[in-house]
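My notes follow in the order I took them.

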Amino acid sequence: MNSLLLFRKGLRLHDNPALLEALKGCKHLYPVFVFDPWFAGNGKVGTNRFSFLLESLHDLDASFKARGSRLIIVHGNPPDIVPKLIKAWNIGKVCFEADTEPYSKARDKNMVEGIEATGVPWHSFVSHTLYDTTKLLQLNKGQVVTAYSAFQRLAQKSGSPGAPVCDPPSQLPPIPVDAQKTLDTVGLTEDGVPNLIDIGYHDPPTSPFKGGETLALKRMEEHIADKAWVVQFEKPKGNPAALEPATTVLSPYLKFGCLSVRVFYKRLQEIEAGAKQSSQPPVSLRGQLLWREFFYFVGANTPNFDQMEDNPICKQIPWEDNAEKIAAWEAGKTGFPWIDACMRQLQVHGWMHHLARHAVACFLTRGDLYCPWTAGRDVFDRLLIDDDWSLNNANWMWLSASAFFYQYHRVYSPITFGRKYDPNGDFVRKFVPELKDFPAKWIYEPWKAPIADQKQANCRIGVDYPKPMVDHASVSKDNIQKLKGAYADQSPSKGKTPSHASSPSGTSVSHARKKQASKAVGAQQHENAQAQASTAQQAASGEASGTQTKEPQSGFDDVTVPDDSDDMHIARSDADGAGPSGAPDARADSNRAGQGANQGLGAVPVRAGPGVFPDGADQDDAEPEATLPGGTARGKSKSGSNGQKAQASDAKQKKLDWTAATGGHKRKAGSESKSPDEVDKLPTQPVRTPPKRQCKLKLAPLQA
């Protein structure tokens with residue numbers, strides 16, 4: 001029997017159940033990657049990420065050749081191509097890895113219909129995630145939870161994740177010598193792995209991170225070799241201004257499936273089991289992988305997850321769609337050196353630290369420019385090498401206070417946040433060379449420098465480098481009031497959302513074409529009345545606190561921070577060590593020089609207590625858990641003695657969750673948060689230096 005093995009993600013040989021199934025009773029194995037025109041050369045994928053994909057394909061092809069086979073490349077629409085391949089090669093079985101994104105599910109539905117029309121059996125396997133998102137939904141009776149702790153309980157209820165499968169044999173069934181000749185009979189041509197120019201890309205890649213299963217496994221081993229680092233990992237620590245990544249940068253490898261999340265998870269479990277004491281989810285490195293699972297689960301089962309309108313968990317906020325502001329932000333020309341340095345790093349490397357992602361996302365949306373989160377999402381979607389659909393959308397909603405997180409009065413300062421990590425401004429000098437000769441005193445606020453200092457630095461503000469596009473102190477307060485009004489317009493939540501369904505098109509309407517609705521979706525909102533009242537109370541508390549003229553050194557503008565949010569920490573959006581492709585990808589974002597741990601996939605400021613993005617706690621405190629139809633929102637009031645007991649139990653659990661997430665430490669208002677943060681970080685003790693790598697990554701020059 002001849003077997004057809006289709007690759008999309010899952011670009012690896014290790015832990016590949018589809019490959020093992022294809023080998024059963026197989027005489028000739030045809031490993032195929034189809035270049036889908038929906039992705040290739042359509043402007044949706046930037047040069048750096050497409051280059052990472054091509055590198056991964058070259059590595060996969062080399063692995064097959066080492067086993068007596070090769071990777072076959074064809075171009076076209078998979079639902080049209082696969083039936084032709086079946087006919088040309090007399091295929092008796094088709095195997096592939098399942099996907100959860102709307103476009104992918106629609107594509108596979110059409111492809112399977114074509115396969116079934118040929119009468120050939122097909123086999124699909126869940127191996128890109130630890131858990132089957134569909135089975136989790138069934139287990140939870142069709143209800144989608146929107147809090148990490150609730151998801152963690154659901155995952156525990158479903159049992160341990162499946163163990164990785166064994167590696168394939170050293171020799172694989174060969175491809176017949178007439179494979180190309182038979183393709184000619186159905187009008188197809190076998191190609192080798194193309195280059196960027198073949199696909200339509202003319203600018204060379206500039207990312208220091210290269211793709212492939214070989215590098216993925218090597219990178220993982222280098223980072224987990226330090227077992228003490230692994231067991232002490234806790235999510236909030238890390239340096240977003242580090243010139244050499246202070247994270248594992250495993251997120252792009254998880255995004256493309258060059259690294260199996262099940263293998264990574266198992267290795268972490270083994271290390272934890274051998275330690276006397278270990279950090280635990282949600283702040284542990286393993287907990288970051290669960291953040292990735294959480295967002296995959298919510299994304300796969302929430303209608304219109306990639307847009308604001310008709311998205312049942314997303315706040316309906318009348319953002320101001322300003323193309324000029326969005327373009328300046330994307331180009332790194334906002335006039336705020338910290339923001340510009342981060343955005344230019346994204347342009348060059350296709351990656352940035354999750355805390356940097358937090359800062360730029362807050363700046364674009366609720367913090368300063370008040371532009372729609374979908375605009376920023378689109379930029380990240382194009383430029384990040386670890387971009388992951390579920391993680392990217394989730395984190396942008398989180399950071400814009402549109403879903404998951406609702407403390408909109410907590411704003412990242414585009415001035416003091418970067419300064420606290422890099423007082424001398426070395427990161428800014430590297431990525432914003434116009435300011436390289438500025439004194440440290442003015443590096444984060446160059447517009448305040450005397451003209452004499454500007455001349456001496458060969459950079460006139462407003463001429464060689466732009467003036468600030470906004471007055472942060474003023475617009476941030478205005479935006480808080482706008483969000484306060486938008487929140488007030490939202491109807492009280494009924495604690496339910498529509499039944500599971502995916503966006504039929506799989507694509508989101510461009511932010512430029514979106515109507516910025518100001519009315520609520522009513523019952524479609526996940527937040528319940530209790531959460532809404534809590535938010536209003538927080539906003540009122542902040543408003544009463546007055547305005548500060550001096551920004552706190554914590555990097556946050558605390559002008560409207562209620563007492564109970566002292567413990568707020570940051571959640572992440574890219575998953576560089578534990579959670580996405582931008583996840584959260586399993587990012588162990590650790591400032592290995594003593595600060596913390598590692599994408600694919602940034603986060604947002606979150607209240608301490610349960611409530612962090614891939615690295616922190618979940619947010620039962622910040623948002624009572626809501627469910628899909630048939631479920632009762634956790635935040636609803638309970639009556640009677642049973643209700644009182646339940647409330648007491650919830651309070652006790654929250655206290656336990658908070659203690660686990662923060663060690664029980666509470667900081668003073670205005671001081672730096674000690675709470676857990678992104679998937680990319682590790683603990684600060686003991687201080688450790690980055691692991692020696694055989695091939696030291698060199699940062700590339702700037703590129704659009």
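**Entry one.** I listed what Asp99 touches beyond four places away in sequence: Lys9, Ser104, Lys105, Arg107 and Asp108. The model I am reading is predicted. I placed Asp99 in the loop between strand 4 (91-97) and helix 4 (102-118). Is Asp99 buried or exposed? Its relative accessibility is 13%, so I noted Asp99 as buried, the cut-off being under 20%. I then checked its side chain for polar contacts. One joins Asp99 to the side chain of Ser104 at 3.0 Å, and another joins Asp99 to the side chain of Lys9 at 3.4 Å.

**Entry two.** I turned to Glu213, which lies in helix 9 (residues 213-224). Glu213 has a relative accessible area of 7% and is buried. Leaving out residues up to four places away in sequence, I found Glu213 touching Leu11, Arg12, Leu13, His14, Asp59, Ser63 and Cys258. What does the side chain of Glu213 reach at 3.0 Å? I found the backbone nitrogen of Leu13 there. I also looked up Ser260: it is 47 residues from Glu213 in sequence, and their C-alpha atoms are 9.2 Å apart.

Last, I took helix 16 (residues 354-367) and helix 22 (residues 472-489), whose axes come within 10 Å and cross at roughly 60 degrees. That angle makes helix 16 oblique to helix 22. From helix 16, I noted Thr365, Arg366 and Gly367 in the contact; from helix 22, I noted Val475, Ser476, Asn479 and Leu483. By class, this contact has two nonpolar, four polar and one charged residues.

Notes. Residues numbered from 1 in each chain as written. Predicted model: local features only at pLDDT ≥ 70, side-chain atom pairs only at ≥ 80, totals over all residues. Heavy atoms only, no water. Axes fitted to C-alpha atoms, helices over the stretch in contact; angles between N-to-C directions. Helix = DSSP H or I, 4+ residues; strand = E, 2+ residues; numbered from the N terminus. Parallel < 35°, antiparallel > 145°, perpendicular 65-115°, else oblique. Contact = heavy atoms within 4.5 Å. Nonpolar A, V, L, I, M, F, W, Y, C, P; charged D, E, K, R; others polar. Buried < 20%, exposed > 50% of the residue type's maximum accessible area, 1.4 Å probe, protein only. Polar contact = N/O pair within 3.5 Å; in protein donor to acceptor, adjacent residues only side chain to side chain.
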